[in-house]
Every structure is written in structure tokens, then in C-alpha cells.
Amino acid sequence: MTGSEIEITADLVRELLQEQHPDLAGLAIREVPGGWGNQMWRLGDELAVRMPRMEGATDLLRKECRWLPVLAPRLPLPVPTPVRIGQPSARFPRPWSVMTWVPGEPLDYSSISRGDHSADTLAGFLRALHVEAPTEAPTMSDRGAHPKKCTDGFENFLQGVAPGGLAADVRAVRAVWDDAVAAPEWEGPRVWLHGDLHPANVVVSDGTLSGVIDFDAMFAGDPAWDLAAAWVLLPAGVGRRFFEVYAHADEATVRRARGLAAMKSLFLILMGQAGDRGLPGGKPTWGPAGWAALDRVLAA
């Protein structure tokens, strides 16, 4: 833990429930491995407690609780929605939430065997999500804009991976990025975005996508940021079907999305490498997912 983190235990979760939501305090509590800014605990079979580990996660939790109830009713896949809001107290100085639990296995621990079905499912989900956002919708300082504003981040990721033995040709990866940077800007309205679609933020059941989780990065912006999921999440060979079903992505948007998928793939690889070395925050399961995604990007 860093100095800004708080140790969160099952006893603490139970005490908070007894103090603020006693009708839920008798349900079984089970820790959910993983998480970054937040720590999750299963609460019974249908709920989860979401606890911010760090101060920076507090505003993101508030954002989820503010906007997920607005978005969830029109989305065709299960997403976590807030059931209760926990208030800061002497026991825990940050807000916390009780959310609905989305069943399924995270994709970084599973795989998709029904590619066409998953392509249709993801395209339908994003069509429903990508509607014009209100003026008060949140933005993100480091996401949502044209890829050309993220070139420093891309180069840092690329240089971070390359010394470790980038299997793909570095020039080919950079060419994908350069093409995205050269693509025209998004000229449509800012649309709602999940903002962080990667294998740990979707769940799979019966070989297909069955839910989308972790909306704390949600914001309004260029849909290319979510459409990168065509390469980051879906197996090879179904990208064309995904874009045909989505039906609203022009050539420039697809180019930007492919470049962003390359950048996201590099980030997954770096997180996997950190996990393999046992570094704090590293995710060993993300490395293979990142390499597979990068292969799909370069094959497109």
C-alpha cells in the first residue's frame, strides 16, 4: 500500500454495513481479487461492495453512482448499478457503494469461443451506449480526444515494451499509430463512452460476452476510444462483422480506433510485464491479452 491507501478488511466492510445499511450486514462477504483504485467484496450472491483504496478513486466512484443509473436502463448487457451509497465515517473516511454484481468470468481469465455472437453483442452494446451526452457529462484529461494528443503516451508504451522483446515489428506498430494520428478528427457530438474497455472490464459466460463492468472511467468524447475494443476484446476474424453491426463508424473513426487499440495493447503488455516481475499494480494476466490484441491490430 502507498501512504494514501487504507487497509480494507472483511471486518471493516461488515462494520460499515452494520453501521449504515444493517439490512445487508447479514449477507456473506467474500473478497474479489484484483482491482486497482477500488477493492471489491462480494455481498451475498447478487451484490458487491466497492471500496476506494485511494483518494483519487473517490471522485470516480461518485461519477459511477451519478451516471450509471442514467445509462444502465438502455444498455443491452448487464452492468453494475448502485443500490446503496455509503457515507464517509470515522471508520472509513471515503464514500463507498453497494452495486449489483454482474456474473461471469473476466475475459483476462477466460476466452471467447463464440466470436460472431460476441461481435454482435459488443456492437449492440456500444450502439446503445454511444448516444450524444449532455453538456454536464464528465470528461477525461487524458482520454477522449484525437490520438495525436496522446503521442507521448504511445511512444512511452512502445519504448517500454520494445526492450523486453517486442515480437511485432516496431515499425509496423508505429505505422498503425501514425495512420491514426493522420486520420481526420471526430466531427460528431461527444457521445457517452465506457472509456476503459479491456479484458479485465468485461465478463464472459458460455463463450460470449455477457456483461461490462468498471465504469469509473466513463466520459464523453470520440467513439473511437471504445471502438478500439474490436481488436482489444474480440477474437481474430470478427472485426469486420463488428463494424458492420455497429454501422456508425466511418473510415476515419476506424483508423483512429485501430491506433488507439495499438496503444491499449502496449499498455496491457506493460502491465503484464510488471505483474510477471511482481511489481505493485502489475497484472500477469494482462500480458497475453495484450500480445494477442496487438497481433490482431497488425493483422487488420
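Pro80 is found in the loop that links helix H2 (56-71) to strand E4 (82-86), where helices (H or I, at least four residues) and strands (E, at least two) are DSSP runs numbered from the N terminus. With a relative accessible area of 9%, Pro80 is buried; buried means under 20% relative accessible area, exposed over 50%, and partly exposed in between, with a 1.4 Å probe and protein chains only. Not counting residues up to four places away in sequence, Pro80 touches Leu68, Met99, Thr100, Val102, Val212, Ile213, Asp214 and Phe215, contact being defined as heavy atoms within 4.5 Å. Pro80 and Leu47 lie 33 residues apart in sequence, and their C-alpha atoms are 9.0 Å apart in space.

The model is a predicted one, in which local features need pLDDT of at least 70 and side-chain atom pairs count only at pLDDT 80 or more, while totals for chains, interfaces and linings use all residues. Residues are numbered from 1 along each chain as its sequence is written, and side-chain values use heavy atoms, with hydrogens and water left out.

**Overall form**

The protein has 10 helices and 10 strands. Its radius of gyration is 19 Å, close to the 19 Å that the globule rule gives for 300 residues, so the protein is as compact as a globular protein of that length; the radius is taken over C-alpha atoms, and the rule is 2.2 Å times the number of residues to the power 0.38. Along the principal axes, the C-alpha atoms fill a box of roughly 55 × 40 × 35 Å. Of the 300 residues, 51% are buried, and among contacts with a separation of 6 or more, 72% are between residues 24 or more positions apart.

Leu47 belongs to strand E3 (47-52). Six of the six residues of E3 are buried, so this strand is largely enclosed by the rest of the structure. In a regular strand the side chains alternate between the two faces of the sheet. Both faces of E3 are covered, with Leu47, Val49 and Met51 buried on one side and Ala48, Arg50 and Pro52 buried on the other.

| Strands | Bridges | Residues opposite each other |
|---|---|---|
| E1 and E2 | four bridges | Arg30 and Arg42 |
| E3 and E5 | four bridges | Val49 and Val98 |
| E6 and E8 | two bridges | Glu105 and Val204 |

E1 and E2 form a hairpin with five residues between them, and Gly34 in its turn has a positive phi of about 95 degrees. The hairpin of E2 and E3 has three residues between the strands, and there Gly44 takes a positive phi near 65 degrees.

A further sheet, open and of three strands, has the order E6-E8-E9 with antiparallel pairing. Its edge strands are E6 (105-106) and E9 (208-212), each of which pairs on one side only.

**Helix H1**

In helix H1 (residues 10-20), Leu12, Val13, Leu16 and Leu17 are buried. These four cover an arc of only 135 degrees around the axis, which puts them on the same side of H1; the arc is that of the directions from the helix axis to the C-beta atoms. What covers the buried residues of H1 includes strands E1 (29-32), E2 (38-43), E3 (47-52) and E5 (96-100).

A nonpolar core is a set of buried Ala, Val, Leu, Ile, Met, Phe, Trp, Tyr and Cys residues joined through side-chain atoms within 4.5 Å. The largest has 65 residues, of which Phe125, Leu126 and Phe242 touch the most other members. Helix H9 (residues 251-276) gives the most to this core, with nine residues. Apart from it lies another core, of 16 residues, including Leu16, Met51, Phe92 and Val98.

Leaving aside residues up to four places away in sequence, Leu126 touches Leu197, Asp226, Leu227, Phe242 and Tyr246. His130, in the loop between helix H3 (115-129) and helix H4 (151-161), counts as buried at 11% relative accessibility. Beyond its neighbours within four places in sequence, His130 is in contact with Val191, Trp192, Leu193, Pro223, Asp226, Leu227 and Tyr246. The side chains of His130 and Tyr246 make a polar contact (2.8 Å), that is, a pair of N or O atoms within 3.5 Å, of which, within protein, one must be able to donate a hydrogen and the other to accept it, residues adjacent in sequence counting only if both atoms are side-chain atoms.

Note on methods
Pairing = 2+ DSSP bridges.
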